[in-house]
Amino acid sequence: MNIKEFHYFHELVKYKNFSQVASFFNVSQPTITMAIKRLETELEVKLFVRDRSHKQLVVTPSGEQLDRHVTQILNELDVMKKELSRISSEKILFGLPPIIGTYYFPHVAPELLRAGLIDKLDIFESGSNEMLNYILDGTLDLALIGSITPIVDAKLEAKIFDRTHFKIAVSENHPLAKRDSVDFKELAREKFIILDDRFIHSIAFNKMCHANQFRPQIIHRSNDVHILKAMIKENMGISFLTELALPPEPGIKVLDIADDNQPEFLLSIVYRHSHVLTKLQQRLIEILPQKINL
């Protein structure tokens with residue numbers, strides 16, 4: 001077995017056509033045919049059969065199982081190439097979801113500057129769910145990621161370093177602004193302005209609504225916290241946000257959620273389990289978990 005054979009096999013599973021795969025790799029059709037035969041001989045299994053009644057190639061159960069393993073092998077090879085190509089570079093490909101980047105990162109930036117790390121960071125912004133995929137496929141070295149449950153994946157190292165609460169944000173002109181806390185069930189008739197599905201907030205918000213047995217009236221979804229806050233200040237609706245995104249500011253009153261069982265916003269440092277940390281990356285991990293006063 002060799003890597004080329006795995007590539008040929010994987011594409012044949014996808015296309016189920018020898019001619020298309022040969023054209024894809026710019027080789028002759030017999031090259032693909034012989035590669036598949038070598039795999040079948042070495043593994044002592046049949047990987048494909050021809051369904052002559054429908055004139056198509058069918059992947060056998062053994063072929064489907066092999067493709068699961070081949071997919072993992074090819075993905076790991078791709079990650080390996082990315083990592084090896086960056087070994088000599090002093091740059092750190094670093095992921096930051098928008099809220100963490102806006103409201104947490106500035107608190108640790110001075111220490112990173114003193115440690116000479118700021119100019120070593122190539123920062124990539126995306127939602128937490130997308131960020132996990134970028135870590136897994138080797139696009140990023142490290143990321144700060146928000147979640148409502150601990151990140152558990154055999155391929156990842158995920159270290160929780162802080163927990164914050166979710167809050168309700170209302171206009172200072174809203175009737176609830178006279179209070180300091182609220183039971184979530186009291187919000188059943190309120191109009192909500194919330195972050196869209198790229199944010200972990202939507203999962204936590206849905207859990208709270210489900211637990212309190214009501215369907216929320218959502219008048220707007222946004223991926224921009226600043227737009228969301230501007231709408232709150234105009235008393236167009238209320239919102240559900242991590243306290244990380246709610247430092248004191250004019251026009252907005254922040255309320256505690258009084259419910260006993262509610263999700264937390266977890267902050268984690270995440271990187272691949274197989275990734276060998278450089279000295280710069282190790283230093284970054286030492287600095288990032290510094291607590292901040294919210």
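Entry 1. I took helices as DSSP runs of H or I with at least four residues, numbered from the N terminus. The model I consulted is predicted.

Entry 2. I looked up the salt bridges and found 13 in the structure. I began with Glu111, which forms a salt bridge with Arg114, the closest N and O atoms being 2.9 Å apart. I noted that both residues belong to helix α5 (residues 98–114) and sit three residues apart, about one turn of the helix. For Arg114 I read a relative accessible area of 62%, so this residue is exposed.

Entry 3. I turned to helix α9 (residues 279–287), which holds both Arg283 and Glu286, three residues apart, about one turn of the helix. Their side chains meet in a salt bridge of 3.1 Å, N to O. Arg283 counts as partly exposed at 34% relative accessibility, whereas Glu286 counts as exposed at 54%. I then recorded that salt bridges with shared partners join Glu111, Arg114, Arg283 and Glu286 into one network.

Entry 4. I also examined Glu186, which forms a salt bridge with Arg179, with 2.9 Å between the closest N and O atoms. Glu186 is partly exposed at 37% relative accessibility. Arg179 is partly exposed as well, with a relative accessible area of 33%.

Entry 5. I next searched for aromatic pairs, and the whole structure gave 15. One of them is formed by Tyr8 and Phe25; I recorded it as edge-to-face, at 5.0 Å centre to centre and 75 degrees between the planes. Because Tyr8 lies in helix α1 (residues 3–15) and Phe25 in helix α2 (residues 18–25), the pair ties together parts that are 17 residues apart in sequence. Tyr8 has a relative accessible area of 8% and is therefore buried. Phe25, with a relative accessible area of 25%, is partly exposed.

Entry 6. I followed this with Phe184 and Phe214, an aromatic pair that is stacked, with 5.7 Å centre to centre and 20 degrees between the planes. I placed Phe184 in the loop between β7 (181–182) and β8 (191–195), and Phe214 in the loop between α7 (201–211) and β9 (217–222), so the pair ties together parts that are 30 residues apart in sequence. I found Phe184 buried, with a relative accessible area of 0%. Phe214 is buried too, with a relative accessible area of 14%.

Entry 7. Lastly, I traced a cluster in which ring pairs link Phe166, Phe184, Phe192, Phe205, Phe214, Phe240 and Phe265.

Note on methods:
Residues are numbered from 1 along each chain as its sequence is written. This is a predicted model: local features need pLDDT of at least 70, side-chain atom pairs count only at pLDDT 80 or more; totals for chains, interfaces and linings use all residues. Side-chain values use heavy atoms; hydrogens and water are left out. A salt bridge is a side-chain nitrogen of Lys or Arg within 4 Å of a carboxyl oxygen of Asp or Glu. Helices (H or I, at least four residues) and strands (E, at least two) are DSSP runs, numbered from the N terminus. Buried means under 20% relative accessible area, exposed over 50%, partly exposed in between (1.4 Å probe, protein chains only). Rings of Phe, Tyr and Trp (its six-membered ring) pair if their centres lie within 6.5 Å; planes under 30 degrees apart count as stacked, over 60 as edge-to-face and the rest as tilted.
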